[in-house]
Amino acid sequence: MTAETTLPTGTDLLSEIDRLRKEKNAIILAHYYQSAQIQDLADFVGDSLELSRKAAETDADVIAFCGVKFMADTAKILSPEKIVVLPDMDAGCSLEDSCPPEKFKAFREAHPDHIALTYINCSTEVKALSDVIVTSSSAETIISQIPEDQKIIFGPDRHLGGYLSRKFNRDMLLWPGVCIVHEAFSETELLKLQQQYPDAPIAAHPECPPTIIDHADYVGSTSGILQFAETFEGDTLIVATEPHIIHQMEKALPNKTFIGAPGADGNCSCNICPYMALNTLEKLYTCLRDLEPRIEIEEGLRLKAKQSLDKMLEMASGTIGKGDLGKV
């Protein structure tokens, strides 16, 4: 290995990332599901759309998005003039994978009297085929504005769509996608954990299946769960979402205890997102150094996808980053 290809390590690696950040006029975005190390060096930590909007407001030339590809794509949709890099282009999403654009297009064409409300966890191509993009924080506000006689397609997350359908008593056609992380939580193991901590409330992400949601005291997005952590009464909270979010809770509230909801094996390790875990400090360093791998989106496609994002912001701009789907 030559000197040019030898990667720095330890504190040298962190110093080099910081040097490149300044040299390239870059900002580093980290989703709550990233490792604690990446969260701690990021300029912004947050939900996916919240991060993209913050990045668009900066004068940075480069966005290094430590998340998954659809998130980096969204940043490029909102900031076409900026260079957007993703540490690992294989960092995908099971929800995006579950909804191929050609199949979603055929599904829409088979139901022409339906509008498509589509969760942001989807490809740019699916965003371009949608009427309104929703986040877990904006979905309620948007659905409440749609006439009750208007038929709705909701995709790609059937658990989020099902939760909203039950809460609003709206009959929606649900695309059958799921998040592999939230699907892995075990009701049996959660009930065992409740017996150990009978006074601890449960905060759950709406991507969880109904068997988990039904036991939750609070349902909301990552930002909403963080806000609930700051306000709940008591000293222990059970958290049913990707466990790396607990890092932010422990930093903000060191005197409280946060326990990740268990998977079928009785611990939360199986609920670590394998896609998010592909991003590492070493890959962040090389993507800042080389400005690769780079997100590129054809302009016509970008503009079509932006229309559905703009529609969401028009209908529910004030909800972004709030993450509050309310108590169940």
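In the predicted model, Arg19 and Glu23 both belong to helix H1 and stand 4 residues apart, about one turn of the helix. Their side chains are joined by a salt bridge with an N to O distance of 2.7 Å. Arg19 itself is partly exposed, at a relative accessible area of 37%. A second pair in helix H1, which spans residues 10–23, has a like spacing: Lys22 and Asp18 are 4 residues apart and hence separated by about one helical turn. The closest N and O atoms of this salt bridge lie 3.2 Å apart. Lys22 is exposed, with a relative accessible area of 61%, whereas Asp18 is partly exposed at 27%. Asp18 and Lys22 also take part in a network of salt bridges that includes Arg21 and Asp43.

The structure holds 20 salt bridges. One of these is formed by Arg108 and Asp131, whose closest N and O atoms are 2.9 Å apart. Because Arg108 lies in helix H6 (residues 101–110) and Asp131 in the loop between helix H7 (124–128) and strand S6 (132–134), the pair ties together parts that are 23 residues apart in sequence. Arg108 is buried, with a relative accessible area of 17%, while Asp131 is partly exposed at 32%.

The cysteines were examined next. A search of the whole structure finds 0 disulfides. For Cys122, which is in no disulfide, the nearest cysteine sulfur belongs to Cys99 and is 6.9 Å away. Cys122 is buried, at 1% relative accessibility.

An unreviewed UniProt entry places the feature "binding site" at Cys93, Cys179 and Cys273. These positions are spread over 181 residues of sequence, yet they cluster in space, with a largest C-alpha distance of 9.4 Å. Cys93, Cys179 and Cys273 are included in the lining of the largest cavity. Cys93 is placed in the loop between strand S4 (83–85) and helix H5 (94–97), and counts as buried at 10% relative accessibility. Beyond residues up to four places away in sequence, Cys93 touches Val68, Phe70, Asn121 and Tyr275. Cys179 occupies the loop between strand S8 (172–174) and helix H10 (180–183) and is likewise buried, with a relative accessible area of 10%. Its contacts, leaving aside neighbours within four places in sequence, are with Ser94, Leu95 and Glu207.

The feature "binding site" is also placed by UniProt, again in an unreviewed entry, at His31, Ser48, Tyr119, Ile120, Asn121, Ser136, His205, Pro206, Glu207 and Thr222. Of these residues, the lining of the largest cavity includes His31, Ser48, Tyr119, Ile120, Asn121, Ser136, His205, Glu207 and Thr222. Ser136 is located in the loop between S6 and helix H8 (139–143) and is buried, at 6% relative accessibility. Thr222 is found in helix H13 and is buried at 2% relative accessibility.

Helix H13 (residues 222–231) is mostly covered, with 7 of its 10 residues buried. Besides Thr222, the buried residues of H13 are Ser223, Gly224, Ile225, Leu226, Phe228 and Ala229. Several of them meet Met249: when neighbours within four places in sequence are left aside, the contacts of Met249 include Ile225, Leu226 and Ala229, together with Val239 and Phe258. Met249 belongs to the largest nonpolar core, which has 107 residues. Within this core, Ile17, Ile28, Leu117, Ile142, Met249 and Leu284 touch the most other members. In soluble globular proteins, nonpolar side chains tend to be buried together.

Technical notes
Residues numbered from 1 in each chain as written. Predicted model: local features only at pLDDT ≥ 70, side-chain atom pairs only at ≥ 80, totals over all residues. Heavy atoms only, no water. Disulfide = S-S within 2.5 Å. Buried < 20%, exposed > 50% of the residue type's maximum accessible area, 1.4 Å probe, protein only. Helix = DSSP H or I, 4+ residues; strand = E, 2+ residues; numbered from the N terminus. Core = buried A, V, L, I, M, F, W, Y, C linked by side-chain atoms within 4.5 Å. Contact = heavy atoms within 4.5 Å. Salt bridge = Lys/Arg side-chain N within 4 Å of Asp/Glu carboxyl O. UniProt positions renumbered as here; feature names shortened; annotations may be inferred. 1 Å grid on protein atoms, 1.4 Å probe; cavity = no way out; pocket = protein on both sides within 12 Å on 5 of 7 lines; lining within 4 Å.
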